[in-house]
Amino acid sequence: TALLTVRGLERRFDTTLALQATDLDVAENDFITILGPSGCGKSTLLRIVAGLDQPTAGRAELEGHRITGPGAERGMVFQSYTLFPWLTVLDNVCFGLRERGLPRSEQLAIAHDFLAKVGLKGFENHYPKQLSGGMQQRTALARALANRPRMLLMDEPFGALDHQTRELMQELLLGIWEAERTTVLFVTHDIDEAVFMGSRVVVMSARPGRIVLDERVPLPHPRH
Ligand code: ADP
Ligand code: ADP
């Protein structure tokens with residue numbers, strides 16, 4: 001059975017049909033890359049799955065439960081990092097764990113574990129503005145993973161990074177997916193990125209926004 005089920009999803013903004021007739025089944029451990037040009041409805045689809053937006057028709061369900069708002073079982077990573085600037089790297093990663101009421105010692109153990117996994121050992125006490133973009137995004141990834149989400153939702157997370165950092169981050173994420181068996185829904189307009197990382201590539205087209213292709217891709221993907 002699917003972890004995420006999307007049926008007949010539609011999102012209309014006044015005269016714009018941002019998304020229509022969208023069906024998607026996401027199985028546990030899928031790494032789905034959603035590929036398409038700017039304006040084809042990728043963010044709209046991801047935002048509805050995240051519970052940050054509501055469809056005008058159809059439904060999205062996580063393990064049979066209708067998605068009506070955000071929840072800790074769906075970890076988000078955005079292009080703009082969205083770290084808390086007044087918190088250290090360590091406390092950014094602890095944030096959700098503290099919200100859930102975990103004892104400080106457990107928060108720290110989990111945060112240190114995930115910061116090591118994203119290659120940020122030694123940067124625990126830095127503040128976001130002291131870090132490069134790639135390192136800020138590593139922090140955001142560790143923060144999302146630390147909550148052990150059922151699904152990781154990523155909207156162009158590497159879009160603001162230079163080419164070399166982007167490739168490093170793609171390899172890091174793919175390694176984490178293989179090691180942690182996380183289910184990933186990853187939005188991008190970069191075909192190389194979509195094919196390199198996805199175990200399944202879903203292609204969307206604009207006017208109106210909808211899925212036009214949905215293909216499994218054999219792994220592993222050689223870079224060159
Ligand atoms: P993508 O992520 O593929 O670039 P979006 O999902 O952001 O596409 O947008 C799909 C379409 O819906 C675009 O035409 C966009 O301008 C429109 N759209 C998105 N959000 C809104 C909004 N809040 N109000 C009006 N139109 C919107
Ligand atoms: P992306 O390319 O990642 O979808 P956008 O720049 O298209 O980012 O959208 C950023 C924000 O602006 C989103 O919250 C989206 O819903 C909103 N938005 C996008 N297009 C429109 C629009 N035509 N009118 C109003 N809001 C929009």
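1. Contact here means heavy atoms within 4.5 Å. By that rule Leu 173 touches Phe 31, Leu 141, Leu 152, Met 154, Phe 158, Phe 186 and Met 197, leaving aside residues up to four places away in sequence.

2. This is a predicted model: local features need pLDDT of at least 70, side-chain atom pairs count only at pLDDT 80 or more, and totals for chains, interfaces and linings use all residues. Residues are numbered from 1 along each chain as its sequence is written, and side-chain values use heavy atoms, with hydrogens and water left out.

3. Helices (H or I, at least four residues) and strands (E, at least two) are DSSP runs, numbered from the N terminus.

4. The whole structure holds five aromatic pairs. Rings of Phe, Tyr and Trp (its six-membered ring) pair if their centres lie within 6.5 Å; planes under 30 degrees apart are stacked, over 60 edge-to-face, the rest tilted. Phe 31 and Trp 177 are edge-to-face, because their centres are 5.6 Å apart and their planes at 75°. Phe 31 is in β3 (residues 31–35) and Trp 177 in α5, so the pair ties together parts 146 residues apart in sequence.

5. Buried means under 20% relative accessible area, exposed over 50%, partly exposed in between (1.4 Å probe, protein chains only). Phe 31, at 0%, is buried. So is Trp 177, at 5%. The tilted pair of Phe 84 and Trp 86 has 5.5 Å between centres and 45° between planes. Phe 84 is partly exposed at 21%, and Trp 86 is exposed at 59%.

6. An open sheet of six strands, with mixed pairing, runs β6-β7-β8-β3-β9-β10. Two strands pair if DSSP finds at least two bridges between them. β6 (74–78) and β10 (210–216) are at the edges with a single partner strand each, so one side of each has no neighbour in the sheet. Five bridges join β6 to β7, and the two run parallel. Val 77 has Met 154 as its bridge partner in β7.

Methods. Chains are lettered from A and ligands numbered from 1 in the order in which they are written.
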